[in-house]
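Thanks, everyone. I will go through one interface and then the confidence scores. Please have the structure open.

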Amino acid sequence: MTRTPQTSFLGRIDGDIAGILLLAALLIVILPLGLDIFRLNMVGKYLTYAFVALGLVLCWGSAGILSLGQGIFFGIGGYCMAMFLKLEASSPEATKIQSTPGIPDFMDWNQLKELPWFWEPFHSLTFATVAVVAVPALLAFIVGLAMFKRRVGGVYFAIITQAFAAILTILIVGQQGYTGGINGITDLRTLKGWDIRTDEAKLVLYFVNAALLIGCILLCLYVRRSKLGRILVALRDKEDRVRFSGYDVASFKIFVFCFAAALSAVGGAMFTLQVGFMSPSFVGIVPSIEMVIYCAVGGRLSLLGAVYGTLLVNWAKTMLSESFPELWLFAMGALFIGVVMVFPNGLAGLYQQFIAPKLRRLTTRRTDAPVAGAPIIPPHTAAD
Amino acid sequence: MFEGYSLAELGSIFAMQGFAGLILFSVFVLMALGLAIIFGQMGVINMAHGEFMILGAYVTYLCSTFISNYAPALFPAYFFVAMILAFFASGALGMLVEWGMIRFLYRRPLDTLLATWGLSLILQQIFRSVFGAREVGVVLPDWLMGSVAVTDTIEVPINGLFVMGLTIAITVVIYAVMFRSRWGQGVRAVMQNRVMAGAVGINTEKVDRYTFGLGCGIAGVAGSAFTMVGSTGPTSGQLYIVDTFLVVVFGGAQSLIGTIASAFTISQAQSTMEFFLSGSTAKVLTLLTVVVILMLRPQGLFVLKVRR
């Protein structure tokens, strides 16, 4: 019958959309109603990591490129936003006690007399917003161009990106006068005169963040559904065959790497806005590899899984480090090993293996009941 | 950056920094040798390699405390006992890990990377729970203290000389084991063609386990040597792991000579620049150069020509 594949295809589409609606309901209705502003802000912070996890689902899950340097892009995005906010916070009036008024406080502490040239354009919000996406994407493009054109991949790519994360951290920490050093860029106050530290602002930013995240999920879904998405999967599984079929494998890889970088950077910028500072501790090797585990726990093949995975791991991290700090690293280590050895497809894999068949059985039993001759209702409409 | 130094001073600076670089080089070589065997020969990414090294360092620390408390007469020689114990402790743990984890993941190198990272987190926390978060140092026996004055301006510390001697000795032993012994021949056969090696009667699983154990054991010895020049903390291993991976990749993953050459280049560049620039700038420049060269020449400096 021709009907069966079509139904399952439709069912899959609707399954994804239904899942996104469910997530949207959770993020936009249930969590804001159920949590106080402190916890909600925390969830907002976790959700910024979900942008990184989404990028990894495309980059690692779909295309098989494991980048251990997503923290770089998260950090650059965050720093671009932080630089704008910092410049706004250090107006000459606000910083008149410094020996050089009008420059950020940490520059003054490091005996800088004037604003470095690369800080100048960040007076403009438009420039900063463009830079949030453009700078990481450009960096990813250069790295991707150099590596993928030479057919460097797999483990080597992972190690090189990790080295970049290390380099950037050392650079930021070392160049204290220009970057704020190990403390990062702190004491951010207003966005175009709007105080981002109030509870109200945090609530608004949370919703902006959630909406952006849903938008990014839809965008990723679109990429995955497109022909491009299928080529990515193909080059993950049999790179040579894709190459011999006449596709320029490197360009596809560069694209997906840049896309993932831009997504991470959006997350970083939202992080800065919601948390109020940016520091090298979100750039280096350790945070970068932790971001991979968010994606892995949720399921490296599932966009929605990655979001839930991020929320779950971060929630567990907060809970465990609040009550049993010494247990956290054990749990994290066990998570890494467990995800890899026992359930490589993460939560999404478990869902598809155990819960989805049961749901399907429930819905089919209901639709089996009507008398023969009655119009057959596709199972998914019942779920909607 | 050279202004204000006379030629003779510059010579001494380069000699002294060169020597400091040689000590760094020794630690790099010892760590990288183990990694080169595990990564280069077996293709396994062991992110917990640094923790195996730190295990060796803690074993040495325990050994020095134990001997100075219970057998002070043997104290001058404790290091040799400690080194052997460190080798076996790290090696045994390595074999256990291979048996329990790595052997299921040979076909999934990226997953091995994540799993061993998890292992490294667990080991770090165990070290922290057992030995505390503070760094510990060993007391050196008298004969390792002090320095030798080569000229009026150049002084060479004895413990550095000892570590270098040790590195040379261990390198020679590893070379002999890998390239001159029947066992090493088996290892190389398995790595070059697993199926064929199995067909001629080599127990490939056993070879895998012992090779991994050997690599980890060498890391333990590296940790033992590390205690002579620095103090040991639960996270010291993590500081070195990226550098070490770069050393191995830079040298060309399958070539032990390449590993040594690249360890030499990287450590010398870093320590010479450290004197003139700040430590962090030197490190950034070194790492960046290595990464850029790797982008231009992904196969590394030395390539082993093997038909696959």
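Contact here is C-beta atoms, placed from the backbone, within 7 Å. Helices are DSSP runs of H or I, at least four residues, and strands are runs of E, at least two, numbered from the N terminus. By class, this contact of H6(A) with H4(B) has five nonpolar, one polar and no charged residues. Nonpolar is Ala, Val, Leu, Ile, Met, Phe, Trp, Tyr, Cys and Pro; charged is Asp, Glu, Lys and Arg; the others, Gly among them, are polar.

This is a predicted model: local features need pLDDT of at least 70, side-chain atom pairs count only at pLDDT 80 or more, and totals for chains, interfaces and linings use all residues. Residues are numbered from 1 along each chain as its sequence is written, with chains lettered from A and ligands numbered from 1 in the order in which they are written.

Now the whole contact: 32 residues come from chain B and 36 residues from chain A. On the side of chain B that touches chain A, H4(B) gives the most, with 14 residues. That side has 23 nonpolar, seven polar and two charged residues.

Last, confidence. pLDDT is the predictor's confidence in each residue, from 0 to 100. Chain B averages 83, and 95% of its residues score at least 70. The model has ipTM 0.84 and pTM 0.86.

Notes. Two residues are in contact if their C-beta atoms, placed from the backbone, lie within 7 Å.
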